[in-house]
Amino acid sequence: MRIVLVGTGYVGLVSGTCFADFGHHVTCVDNDQAKISSLQRGEIPIFEPDLERLVQSNVSAGRLVFTTELVGPVGEADAVFIAVGTPSRRGDGHADLSYVYSASREIAQALKGFTVVITKSTVPVGTCDEVERLIKQVNPSADVVVASNPEFLREGAAIRDFKHPDRIVVGTDDERARHVLGEIYRPLYLNQAPIMYTGRRTAELIKYAANAFLVTKITFINEMADLAEKVGANVQEIARGIGMDNRIGSKFLHAGPGFGGSCLPKDARALIKTAQDFDAPLRILEAVNAVNDNRKRAMARKVAAPFGGNLRGKIIAVLGLTFKPNTDDMREAPSIPLITALSDMGATVRAFDPVGMELARLEMPNIEYCAGPYECAVGADALVIVTEWEQFRALDLDRLKREMACPIVVDLRNVYNPEELTSRGFLYRSIGRPSMPVA
Ligand SMILES: NC(=O)c1ccc[n+]([C@@H]2O[C@H](COP(=O)([O-])OP(=O)(O)OC[C@H]3O[C@@H](n4cnc5c(N)ncnc54)[C@H](O)[C@@H]3O)[C@@H](O)[C@H]2O)c1
């Protein structure tokens with residue numbers, strides 16, 4: 001199959017590379033010249049484990065090319081995937097579909113012969129209808145079918161997720177489109193990945209429903225953690241105790257500083273807006289969103305609590321800035337509102353992240369960035385673990401204590417064992433676990 005990906009970001013680059021690895025001929029298009037130039041030089045513009053190797057081997061095999069030029073490759077393609085961004089629209093929280101629509105118009109002009117155009121971007125229900133209308137408007141004679149194929153990969157484990165998906169959702173009633181998408185995903189189908197064919201609108205809604213369910217689960221356990229803290233219970237044991245029930249499942253039950261990242265918050269907001277527009281409001285999701293928003297600054301109050309709520313003149317070391325480990329993605333990372341709140345409260349913030357500091361600097365130019373976790377801890381009054389990177393799981397605690405002005409650790413990911421930290425003389429606070437007096 002000849003495939004074009006329009007949009008070469010986290011989803012487009014990973015999807016395109018994996019399709020090429022399946023044996024298809026793939027062109028990844030992006031209108032960001034700098035991104036395409038770096039890919040053409042063999043440099044990967046994002047941090048994603050194993051991606052560089054996979055890109056290199058498929059480029060060498062002649063199956064994967066990068067370009068800013070959409071017209072030629074789209075004309076020759078069997079399938080064109082739209083994988084551009086759909087961020088929150090400023091002001092109202094609806095999904096901003098301007099990138100999807102402008103890509104659709106460009107694709108429309110370039111189509112030749114039968115082509116399936118597929119939205120892989122996360123788009124509100126009804127968007128495929130509008131993409132089809134736009135394409136027909138620009139190019140009335142185009143032999144085109146528009147299908148939905150939402151993507152469920154997770155940053156940090158994107159290649160594994162793409163190659164071993166729990167399911168592949170294909171939204172189209174058109175037999176020719178089903179055949180093309182079936183061929184594209186055949187290598188996965190051979191590996192037993194279930195492929196589920198639905199109507200277009202259903203596929204669009206499945207993606208949002210999945211993310212809405214996940215944020216509900218996270219927020220549920222976060223609120224349970226707050227209650228556990230108040231009553232002297234342990235949220236990790238509660239999560240285990242309920243997670244072993246197959247009806248509930250153990251995933252997404254890790255209490256923390258609130259959900260963030262490039263997808264969950266914007267998708268929750270967009271679904272709330274869609275539901276309101278259709279007069280079928282999603283009250284549970286609205287509450288989840290509000291609870292999560294409040295939680296971000298509440299985490300700063302948690303850091304301030306050992307100082308009687310007053311952080312003026314204090315130095316706070318923050319470990320981990322990206323919204324989760326194994327990515328450089330800073331979009332809506334919980335570290336950003338947390339650091340803003342700490343600064344608002346008068347603290348001086350110093351931070352370290354293994355790969356996220358370059359992008360973090362753009363968001364937060366006014367904090368100090370350090371070379372490593374121990375450098376970050378020098379002279380700090382408290383250290384806050386915000387992202388659970390592997391390298392923060394086994395810190396040299398004695399060294400940390402020597403470097404810090406005051407041995408206070410606020411662990412927003414429950415990485416450490418309260419007994420161990422306390423026995424080493426730290427005042428240790430975590431999420432939803434009983435606090436222990438300093439030894
Ligand atoms: N990041 C994830 O983990 C993830 C997972 C599942 C679904 N999604 C969804 O996939 C979509 C893409 O997300 P992302 O994280 O890859 O975004 P991204 O911002 O990393 O990448 C989007 C790319 O599209 C390019 N682009 C925009 N308009 C273009 C045009 N007209 N022609 C060519 N290129 C164009 C941009 O330059 C950018 O490189 C979103 O809808 C997102 O919700 C993302």
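How many nonpolar, polar and charged residues does the shell around the ligand have? The points below take up this matter and then turn to the rest of the chain.

1. Basis of the note. The structure is a predicted model, in which local features need pLDDT of at least 70 and side-chain atom pairs count only at pLDDT 80 or more, while totals for chains, interfaces and linings use all residues. Residues are numbered from 1 along each chain as its sequence is written, and side-chain values use heavy atoms, with hydrogens and water left out.

2. Composition of the ligand shell. By class, the shell has nine nonpolar, ten polar and nine charged residues. Here Ala, Val, Leu, Ile, Met, Phe, Trp, Tyr, Cys and Pro count as nonpolar, Asp, Glu, Lys and Arg as charged, and the others, Gly among them, as polar. In total, 28 residues surround the ligand, a residue being near a molecule if one of its heavy atoms lies within 4 Å of it. The closest are Asp30, Lys35, Thr86, Glu155 and Lys266.

3. An N or O atom in the side chain of Thr86 is 2.5 Å from an oxygen atom of the ligand.

4. Elements around the ligand. Helix H1 (10–21) and helix H5 (98–110) are the elements that give two or more residues to the shell. H5 gives the most, with four residues. Helices (H or I, at least four residues) and strands (E, at least two) are DSSP runs, numbered from the N terminus.

5. The whole structure holds 29 salt bridges, each defined as a side-chain nitrogen of Lys or Arg within 4 Å of a carboxyl oxygen of Asp or Glu. In one of them, the side chains of Glu151 and Lys120 meet at 2.8 Å, N to O. This pair links distant parts of the chain, 31 residues apart: Glu151 belongs to the loop between strand S6 (144–148) and helix H7 (158–163), and Lys120 to the loop between strand S5 (115–119) and helix H6 (127–138). Both Glu151 and Lys120 are buried, where buried means under 20% relative accessible area, exposed over 50%, and partly exposed in between (1.4 Å probe, protein chains only).

6. A salt bridge between helices. The closest N and O atoms of Arg201 and Asp129 are 2.9 Å apart in another salt bridge. Arg201 lies in helix H10 (residues 200–231) and Asp129 in helix H6, so the pair ties together parts that are 72 residues apart in sequence. Arg201 is partly exposed at 41% relative accessibility, and Asp129 is partly exposed at 30%. A network of salt bridges links Asp129, Glu132, Arg200 and Arg201.

7. Helix H10. The 32 residues of H10 should span 46 Å at 1.5 Å a residue, and the end C-alpha atoms are 47 Å apart, which agrees. The expected span is 1.5 Å times one less than the number of residues. Gly232, with a positive phi near 75°, follows H10.

8. Phe252 is not a glycine, yet has a positive phi of about 60°. Phe252 sits in the loop between helix H11 (235–243) and helix H12 (264–277) and is partly exposed at 31% relative accessibility. Glu332 also has a positive phi, near 50°. The place of Glu332 is in the loop between strand S9 (315–319) and helix H14 (335–344), where the residue is partly exposed, with a relative accessible area of 31%.

9. Asp328, in the loop between S9 and H14, is buried with a relative accessible area of 8%. Arg433, in the segment after strand S14 (427–429), is buried at 5% relative accessibility. From Arg433 to Glu106 the C-alpha distance is 54 Å, at a sequence separation of 327 residues.

Technical notes
Polar contact = N/O pair within 3.5 Å; in protein donor to acceptor, adjacent residues only side chain to side chain.
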